[in-house]
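Please keep the sequence and the coordinates at hand while reading.

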Amino acid sequence: MKFLSIAIKDLKEILRDRRGFFFILLFPMLLIVVFGFAFGGSGGNTPHNLAIINYDQGSELNNQSVNFGNNLTQMLENAKYSNSNVYLFNVTQPSESTADQQLKQEKIDAELIIPQNFSQATVSLINNTILETTNPLSTGSSMNSNITSTLIIRGDTGSMNFGTTQGILVGILSQYKDGVVTSTQNSVRGTPGAQPTEYLSSTVEPIAGTANFTTFDFQAPGLIVFAIILLATTIATSLTRETERGTLARLKLSKMRGFDLLFGAMIPWSLVVVAQVVILLIVAKAIGFSWQGGINSILLAIFVGVIGGIASISLAMIIASFAKNDRQAANLGTLIAVPTSFLAGAFFQLPQASIGTFLGQSFQIYDILPWTHTIDALRTILTYGGGWNDISYQVGLSVLLTIILFVIGVAVFSRTRLRAES
Amino acid sequence: MDYIISAQKITKDFDGFKAVDGLSLQVNKGEVFGFLGPNGAGKTTFINIMVGLLKPTSGQILINGEDVQKIDKGLIGICPQELVLWDNLTCKESLTLMGDMYEVPKKLLKQRVDKLLKDLLLTDKADTVVIKLSGGMKRRLNLALALVHEPEIVVLDEPSEGLDPQSKRVLWNYIKSLRDDEGKTVILTTHLMDEADKLSDRVAIIDHGQLIKLDTTENLKKEIGEGDVVEMKLSKPQMNKEVIKSLKSIQQIISVLEVDGLINLRAMDAVGKLPQIMEKVESTGVQISDLNVRQNTLEDVFIELTGSSLRE
């Protein structure tokens, strides 16, 4: 288990160089704080472009035909920012295919798809609420007809505007549901205004928290990944120092294989990534990042971060193959890591540059970078509160690209640094 | 005698510059073999080829009859000229790491590490990080790292560089014990004549990448440097060349050279020839401001063979 000895050696070197370790964490922390203060304020009161595709076929409630899909659409059209005359959304109602097209062209920020059984589900919710209110013990009895219906909010998770729009939408939809329940309960208990349509009118009014989603919420996961990409510079410097000081030659003369050295180095640096993700998330949260998701989301974020970290280690191997001393490694590392971060979308969303489709998803030119998917996945988890199912495509792609980059890194480093020089 | 290393017509070309030029030699099992040569003579390049770190442009190195690239890596231990250490590891951690890399079993490794620390007077510093060691301690650890896997061949590239006399003594005794007590083959490169003289069984003098002479130190001194050496400092050093010309006319003079601004004359029974020498010098109108008669050393042999001009 020679790789374990190398891993322990590298870990001791990282931790004992306390100043160096501190700087690894300090710079991204500072950056997060600066971005937090600069972009953590109000998102601005501008209407968001929303396409609503209403497939709702309506239902019957108290012998009256109702269409809650139309009701929701109307409510979204009329909704305004709190304490403002500005509408929340510019609502259009194109076909689903047109809306998808408009999303790709960034003409709209998000689309909301209302399913066929939305009214049925809402009626079911109302009926169940009535049942529960009149007889609390009846919950779960076969008398209920539980119909679930899923509203789909579709958009580009790499887009900041989608981030803001979906943030507001999720808030409104949740209040809509709560409002239905509250109004039903009130009407059953004899509160005046017990007409079905009035159940809903009360949900339109207070739309609190519509300004909660800020640019910083979109940026924070990107900054975490920026720190991970920047780690390539530190790792490349450390690998180059090993070459420059001759310790690599010493190891080369022993029975150590290239795998032991590179796999061994991967373990402690992955731990550094774990520390970075956790610390940066705490700092971001402390200065106002609206972190969605619970403790599980941290574990998922760490997992995604470590994959990004392994990609950085692979990049570091390539840099260390060409740098002759640690200063060159630091300069070359920065020269590569900073533009890579921009390309991966760590700071802002890049314009569309599609080069085809992959597994049914549009593939942008910068999608060949594993970190692009790390950022998307982290954003989905931390900003949008998504789970494993929402990021499986991004994680799969990032694992695949990281493996390719790792193989290239090992091959180039072994060829240039681990063989007898000629 | 059995030889352990055989270098066959080794040439190393760096963009048209021949650092090693057709060098062939054999190293015997269990001897201390010294490489002597001025800076830039090709010693380190040759050593790196010999241990398999560098590929030769042509030629082959055989260790126990097998190509160096194919041998068991545990056969050779190298102590490089520079300090090659991990700053943030302790002495014990560094040695244990290298032992692990050579797949030394854990129990045995612990014993070896403790013994090496004791032999090289580092026991007190076993748990001190490298960065906090003195220069001499770092040198000793540098050597210990080459020995932790008990190699059959130990290569020491300029091991005494920058050592104080006490540390040098410890090191020399240890090198001798490697040969005498443990039967190791030791290869030593140095430009310190007394080091080569005191430690080596045989010495190879190389210059411009070529082997100039290979023999025991005794034979070298006898063959090239018989007699005594007279060193003179003249009142007018600019006249050195003219005086040398005049001195060459004395019979039974082995050689006259200018070395570091001094006239270096070698002759049998130099003391008996002193009146004749002084007469010749004064006949050119120059005074002798300092004069020293001593026995021939390996350094004189070295200068005789490699010349006195500065190498960089």
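A residue is called buried when its relative accessible area is under 20%, exposed when it is over 50%, and partly exposed in between. By that cut-off Glu93(B), with a relative accessible area of 19%, counts as buried. The model discussed here is a predicted one.

**Chain B as a whole**

The secondary structure of chain B consists of 10 helices and 14 strands, and its C-alpha atoms, taken along the principal axes, fill a box of roughly 75 × 45 × 40 Å. Of the 312 residues in chain B, 52% count as buried. Helix 1 of chain B, which covers residues 43-50, has 6 of its 8 residues buried, so this helix is largely enclosed by the rest of the structure. The buried residues of that helix are Lys43(B), Thr45(B), Phe46(B), Ile47(B), Ile49(B) and Met50(B). Just after helix 1 of chain B comes Gly52(B), which takes a positive phi of about 90 degrees.

**Salt bridges**

Over all chains, a search of the whole structure finds 23 salt bridges. The table gives some of them, with the distance between nitrogen and oxygen.

| Residue with N | Residue with O | N to O distance |
|---|---|---|
| Lys9(A) | Glu13(A) | 3.5 Å |
| Arg16(A) | Glu93(B) | 2.6 Å |
| Arg179(B) | Asp180(B) | 2.8 Å |

Which residues are joined with Lys9(A) into one network by salt bridges that share partners? Besides Lys9(A), the network takes in Asp10(A), Glu13(A) and Glu242(A). Within this group, Lys9(A) and Glu13(A) both belong to helix 1 of chain A (residues 2-16), where they stand 4 residues apart, about one turn of the helix. An α-helix has 3.6 residues a turn, so residues three or four places apart point the same way. Both Lys9(A) and Glu13(A) are buried.

The salt bridge between Arg16(A) and Glu93(B) has its two partners in separate chains: Arg16(A) lies in helix 1 of chain A and Glu93(B) in helix 2 of chain B (residues 91-101), so the pair joins two chains. The two partners also fall into separate accessibility classes, since Arg16(A) is partly exposed at 34% relative accessibility, whereas Glu93(B) is buried at 19%. In the salt bridge that Arg179(B) makes with Asp180(B), the arginine is buried, with a relative accessible area of 17%.

**Helices and separations in chain A**

Helix 10 of chain A, made of the 29 residues 258-286, reaches 42 Å from its first C-alpha to its last, which is close to the 42 Å expected at 1.5 Å a residue. This helix is followed by Gly288(A), whose phi is positive and near 115 degrees.

The C-alpha atom of Ala377(A) is separated by 21 Å from that of Gly171(A), a residue 206 positions away along the chain.

Arg241(A) has its place in helix 8 of chain A (residues 215-244) and counts as partly exposed, at 32% relative accessibility. Its C-alpha atom and that of Gln361(A), 120 residues apart along the chain, are separated by 42 Å.

**Surface patches**

On the surface of chain A, Phe358(A), Leu359(A), Leu400(A), Ile404(A) and Ile408(A) form a nonpolar patch, and together these residues have about 460 Å² of accessible area. Helix 14 of chain A (residues 388-418) supplies the largest share of the nonpolar patch, with 3 residues. Ile408(A) is located in helix 14 and is partly exposed, its relative accessible area being 40%.

Where the nonpolar patch is formed by residues of chain A, a patch of negative charge on the surface is made up of residues of chain B, namely Asp194(B), Glu258(B), Asp260(B) and Glu299(B). Of these, Asp194(B) is found in helix 6 of chain B, which runs over residues 193-199. The relative accessible area of Asp194(B) is 36%, so this residue counts as partly exposed.

Terms used
Residues are numbered from 1 along each chain as its sequence is written. Chains are lettered from A and ligands numbered from 1 in the order in which they are written. This is a predicted model: local features need pLDDT of at least 70, side-chain atom pairs count only at pLDDT 80 or more; totals for chains, interfaces and linings use all residues. Side-chain values use heavy atoms; hydrogens and water are left out. Patches are made of residues with over 30% relative accessible area and no salt bridge: like charges are joined within 9 Å, nonpolar side chains (Val, Leu, Ile, Met, Phe, Trp, Tyr) within 5 Å. Accessible areas come from the Shrake-Rupley method with a 1.4 Å probe; for residues, only the protein chains shown count as cover. A salt bridge is a side-chain nitrogen of Lys or Arg within 4 Å of a carboxyl oxygen of Asp or Glu. Lys and Arg count as positive and Asp and Glu as negative; His and the chain ends are not counted. The place of a charge is taken as NZ of Lys, CZ of Arg, CG of Asp or CD of Glu. Buried means under 20% relative accessible area, exposed over 50%, partly exposed in between (1.4 Å probe, protein chains only). The expected span of a helix is 1.5 Å times one less than its number of residues.
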